[in-house]
Amino acid sequence: MKLTVVEGMQSEIFVPVTPSPVWSELKKPLNECRVAFITAGGIHQKTQTPYDTSGDYTYRVIPSDIPTSELMVTHGGFDNSDINKDVNAMFPLDRLRELVAEGFIGSLAGEMYGFMGGGGNVDKFRTETGPEIAAKLKAQGVDIVLCTGGCGTCHRSATIVTRCCEAAGMSCCVIAALPPIAKQQGAPRITAPHVPIGSNAGEPNNPGMQTAILKDTLNFIAREADHYGMCKVLPYEYRHNV
């Protein structure tokens, strides 16, 4: 018997397989781009059916002109308290509208999308949810898609959906609190501020940090990220002591 190989024996250690590259180059200046934001962090309208926190691959439509006071979070996989203070910590819709008013970006998609990525069906995200969201964003003429996720499996689901958007011809970036997961799952681009899960887009009620994270991410897409899989650590730090 060979010491290194036993016929029929299998490792008990799961070896992840990194997906093949997907890449869509941005060909417009930022001030001409239509931007969309999606999140796996469980954001939805207060009037909508909450997500099933035991596992859910469905998504919710979020109009880009909705007051953020009408949004909420349903997610059992991470501390929701920062989002309850300020939904912009995960879904920075107010900051995006300010960037349009400033002329930093051209416009926003009329519809954005939220889903609850924790514990969801990976195959459904890959074959149904992701392609549906990508097709709807593409139909709106979106050039750039930004995405956040909450827990670890949220980052996985967020990356799966983001890859579908990239494959449909949009330039995408995951704003990650857990960048190694986004990297392993094949995110086309990643920015990584020093923030806890639940506050990927910046400290709650800190518009300056939230705006800086968005601007740095958009500039990264437009000016720095020239190949698949690049990750930029952002110089913003927020600690949530519980």
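Together with L137, I38 has the most contacts inside the largest nonpolar core. Keep in mind that the model here is predicted.

**Nonpolar cores**
- The largest nonpolar core holds 62 residues.
- Helix α6, covering residues 207–224, supplies the largest share of this core, with seven residues.
- Another core lies apart from the largest one and has five residues, including V174, A182, A187 and I190.

**Fold and dimensions**
- Six helices and 10 strands make up the secondary structure of the protein chain.
- The radius of gyration of the protein chain is 18 Å, which agrees with the value near 18 Å for a compact globule, because that is what 242 residues would give.
- Of the contacts between residues at least 6 apart in sequence, 76% join residues at least 24 apart.

**Burial and surface**
- Of the 242 residues in the protein chain, 53% are buried.
- The accessible surface of the protein chain is about 10800 Å², and carbon and sulfur atoms account for 52% of that area.

**Charge**
- The protein chain carries 21 positive and 25 negative side chains.
- The centres of these two sets of charges lie 3 Å apart.

Methods: Residues numbered from 1 in each chain as written. Predicted model: local features only at pLDDT ≥ 70, side-chain atom pairs only at ≥ 80, totals over all residues. Heavy atoms only, no water. Helix = DSSP H or I, 4+ residues; strand = E, 2+ residues; numbered from the N terminus. Rg over C-alpha atoms; globule rule 2.2 N^0.38 Å. Buried < 20%, exposed > 50% of the residue type's maximum accessible area, 1.4 Å probe, protein only. Contact = heavy atoms within 4.5 Å. Areas by Shrake-Rupley, 256 points an atom, 1.4 Å probe, with all protein chains shown as cover. Lys, Arg positive; Asp, Glu negative; His and termini not counted. Charge placed at Lys NZ, Arg CZ, Asp CG, Glu CD. Core = buried A, V, L, I, M, F, W, Y, C linked by side-chain atoms within 4.5 Å.
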